[in-house]
Amino acid sequence: MTIQQVVDILHGNLVSGKNQLSSEVVYGFSSDLMSDVLTLEKEKIILLTGLANVQTIRTSEMSNINCIILVRNKKATPEMIKLAEDTGIALVEFPGSMFHAVSILSVAGIKPVY
Amino acid sequence: MQYTFHIEGGNFANTGVASSEIKKRLKQLNLNAQTIKRIVVALYEAEVNVVAHAYNGDIFVDLTSSSIHILVKDEGPGIPDIEQAMQEGFSTATEEVREMGFGAGMGLPNIKKNADHLDIRSTVGKGTEVEITIYLNHDQKTE
């Protein structure tokens, strides 16, 4: 699935990373704990998180994650958007809960990391 | 090639700047993507530790054709019991650190997992030195 398809099925609000929309994503990982994200070894992961700060973007950069869904109606700050643009990360705001986003993506075929 | 970076304790806004810079440079060197990830994750965890626990610190990176050697040296409270600090789940992080998504007691174990060699020396009341070595695997093709 492409990031564009993820944005479409979630009806999410893309706030950065237009040039990442054709990238493929295969796995999903939901966490508000960045320490857990840093232990992931797979690639092509979407991160779903309610943690909206600059370290969410930094952690994704280090983990080769180029698509972040901010759930629970969390809004990206201007610093987050700038860093996401600079590091090539698609940042998507989603008004619903983590469970809601996960259930939509799971039905659409996004797999768990483990 | 050698690089140095300064880190301010408590400054979460700039945490990851050094790791990001090193990642950019490693990507230019035709290295295996998994090796780059191991290096930047280990370095980033070490950066977060300095910001979370120390007053300030410096990172010294020595990159050769066969390995990367990273020394992270901080001035801070030090670690009284390194063996305990290496246990997954052990943490002395503040609420502020936890709000940033860290402080779950996984940083040092994750550095160990990603490093080929890890050496930690600490003096209580003075500071901590974390030394990480990772061997480089070159891909045959450009990624």
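This is a predicted model: local features need pLDDT of at least 70, side-chain atom pairs count only at pLDDT 80 or more; totals for chains, interfaces and linings use all residues.
## A helix across the sheet of chain B

The strands belong to an open sheet of five strands in chain B, with antiparallel pairing. Read across the sheet, the order is β1-β2-β3-β5-β4. At the edges stand β1 (2-8) and β4 (117-123) of chain B, each of which pairs on one side only. On average, neighbouring strands of this sheet are turned by 10° against each other, direction ignored.

The pairing of β1(B) can be followed in detail. Its partner is strand β2(B), residues 56-63, and the two are joined in the antiparallel sense over seven bridges. Within this pairing, B:T4 has B:F60 of β2(B) as its bridge partner.

## The contact between chains A and B

How many residues of each chain take part in the contact between chain A and chain B? From chain A there are 17 residues, and they are in contact with 18 residues of chain B.

On the side of chain A that touches chain B, α2 (34-37) and α3 (54-62) of chain A each supply at least two residues. The largest share, seven residues, comes from α3(A). Sorted by class, this side of chain A comprises six nonpolar, eight polar and three charged residues.

Methods: Residues are numbered from 1 along each chain as its sequence is written. Chains are lettered from A and ligands numbered from 1 in the order in which they are written. Two residues are in contact if their C-beta atoms, placed from the backbone, lie within 7 Å. Helices (H or I, at least four residues) and strands (E, at least two) are DSSP runs, numbered from the N terminus. Ala, Val, Leu, Ile, Met, Phe, Trp, Tyr, Cys and Pro count as nonpolar, Asp, Glu, Lys and Arg as charged, and the others, Gly among them, as polar. Two strands pair if DSSP finds at least two bridges between them. Axes are lines fitted to C-alpha atoms, for helices over the stretch in contact, and angles run from 0 to 180 degrees between N-to-C directions.
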